[in-house]
Structures are given as structure tokens and as C-alpha cells.
Number of protein chains: 2
Amino acid sequence: MAAPPARASAVLDALGDATRRELLAAVGAAGAEGATATELAAERSISRQAIVKHLQVLAAAGLVGAAKVGREQRYRLEPAPLADASAWLTSVGAAWDRRLARLAESTSRRTAP
Amino acid sequence: MAAPPARASAVLDALGDATRRELLAAVGAAGAEGATATELAAERSISRQAIVKHLQVLAAAGLVGAAKVGREQRYRLEPAPLADASAWLTSVGAAWDRRLARLAESTSRRTAP
DNA sequence: CCAGTTCGCAACTCACGGGTTGCAGGTGAA
DNA sequence: TTCACCTGCAACCCGTGAGTTGCGAACTGG
């Protein structure tokens, strides 16, 4: 469990950037219809190309999917990988809690100071 | 909910690096006694100073705590902020699911629950 | 006291990723 | 058809952060 699984790793790498986090939330807020890069760029102060790059990173991590509608490329949220990353986070915390419990038990019969 | 809360943001920024993820897991695996930077560096192929920097980043995010024991500086896992990040991840997925549910309801009114 | 660790600070290098700009190619609508 | 719009590709700039190295200070044990 030392190293997170590949899927979770990719998600955490992708979400390591603040712009990407906000972008992911925006795509999610766009609902099932999704959002285009130009739409997202209009509401922000960065160029469309920068948004496209971020969306490609999110897509590589499996967090967004792209579909061509007419001449538009609409991105929609793909929430499944989020669960993997979340699971790893909680697993680290859970392992810690388990260790604490074992420690408490072992020290209970040997009072130190 | 568009922007993740500051605490979760800091955690995700810190965990955006693979070395830091592995380091966090190692510190967690060290248990309540914690681990020193030199110990962690001995098992890895990077310098002690690099490890120290990573631990400082993790500490800034509240993910590890430092305590001086003799002349050693031992780092231990601080699992609380992990929950914040995990909560944000699941909240994004949950918001998506809610939107899907509302969409399904509005498109087909006669669907049984 | 002296030697051996171990830590912390600071300066430095360097690759990488976020961002921009320019341009060509399709595609929908008038 | 023609025009306007949206997209994709490529080249480029530049800041930042990951990593190294060197050194002085502080603590520990013989």
C-alpha cells in the first residue's frame, strides 16, 4: 500500500494543479451537456489553448470524456476515477488508525512513565 | 463548490507529486514512532535534503507533524487533512450524480423510483 | 575533550510544465 | 457559395520547483 495504484496516482497528479481542480468542478457543474473549451475560456482569464491542455491532462487521467457534437467538442465529467483516489486517501488514514489501535493495545500492558 | 476549500486544496497540491505520495505512505507505515529524513533517505535514491523539502511541503499541508527526539527530528503522519481532500473528491462525484438524477427525472416523468 | 553523526541553511543547476501566440483546417449557418 | 466560428497542431517563452552540493552548528558517546 506504500505506492498508490496507477489509477489513483494519475488522478492525484492531474488534480495537483489548482486550475485543473477548478476546471474539473466547472465541467461537473456543466452537467450532462458538458462544456467546450471556448466556453470555459470565456469565463476565465487564460487562453483557450491552456484550457485545452488542462482538459487533455484530465482526460488522460480518465476524469473527463470528450464527445464531438456538431463542430463542437464537449467535455463531460467522468466521476469514476475520483473514487479510486479517494479510496487511497482514506486507506492511508485507515492504516494509520489501525496502527494507533495496535499501539494503544501494546502499551496498555506496559505503562512507561 | 466550484473551488475546493483551502485545506483540501493544500492537500491536493502536496499530493500532486509522486515522491511525496510515496513519502507520505512511508511515514504512515513508520507508525507512531515516525521516521527521520535520514532514515527515509537511506532507503531511497534521492538525497536527504530533497526528502526534507518534501516533508516540509507535507507539513505545510498539515499532513505530517515534526517532533524533536534527542537530536533527531521525527516526522509522523497527521491523517486529519486527508479526510478534507477525500471529502471534496466525493463531493464532486456526488454533485455529478445528483445532476444525473435530476436530468433523468425531468426527461422521463413516468419512471418509477 | 574529541570524534562522529545528524540536522538546518543557503546557493546553485536544470528540466518540466503552464501559458501564449500564430496559423491551417473543418463545419454550421446565412 | 461564402462567411464566421470553433477546433487542433506546433513552436516558443519563462517561471517554478525538484534535486544536488557544500558547509557550519548542535548533540551524543567513547
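Predicted model: local features only at pLDDT ≥ 70, side-chain atom pairs only at ≥ 80, totals over all residues.
**Entry 1**

I looked up helix 2 (residues 18–29) and helix 4 of chain B. Their axes come within 10 Å and cross at roughly 80°. Helix 2 of chain B and helix 4 of chain B are therefore roughly perpendicular to each other.

Next I listed who makes the contact. Helix 2 of chain B brings B:Thr19, B:Arg20, B:Leu23 and B:Leu24. Helix 4 of chain B answers with B:Ile51, B:His54, B:Leu55, B:Val57 and B:Leu58. I sorted this contact by class and got 6 nonpolar, 2 polar and 1 charged residues.

**Entry 1: chain A against chain B**

I turned to the interface of the two chains. Here 35 residues of chain A are in contact with 35 residues of chain B. On the chain A side, I find helix 1 (6–14), helix 2 (18–29) and helix 5 (80–108) each supplying at least two residues. Helix 5 of chain A gives the most, with 13 residues. By class, I note 23 nonpolar, 7 polar and 5 charged residues on the side of chain A that touches chain B.

**Entry 2: symmetry**

How is chain A superposed on chain B? I find a rotation of 180° with 0.0 Å of shift along its axis, at an RMSD of 0.0 Å. The two copies are thus related as by a two-fold rotation axis.

I then asked which residue of chain A comes closest to the rotation axis. A:Gly16 does, with its C-alpha at 2.0 Å.

I also compared the two sides of the interface. Of the interface residues of chain A, 100% are also interface residues in chain B, so the copies meet through the same surface.

**Entry 3: DNA strand C**

Last, I looked around DNA strand C. I find 19 residues there. A:Ser47, A:Gln49, A:Ala50, B:Thr36 and B:Thr38 come nearest.

The surface near DNA strand C has 5 nonpolar, 9 polar and 5 charged residues.

Technical notes
Residues numbered from 1 in each chain as written. Chains lettered and ligands numbered in written order. Near = placed C-beta within 6 Å. Nonpolar A, V, L, I, M, F, W, Y, C, P; charged D, E, K, R; others polar. Axes fitted to C-alpha atoms, helices over the stretch in contact; angles between N-to-C directions. Helix = DSSP H or I, 4+ residues; strand = E, 2+ residues; numbered from the N terminus. Parallel < 35°, antiparallel > 145°, perpendicular 65-115°, else oblique. Contact = placed C-beta atoms within 7 Å. Least-squares fit on C-alpha atoms with pLDDT ≥ 70 in both.
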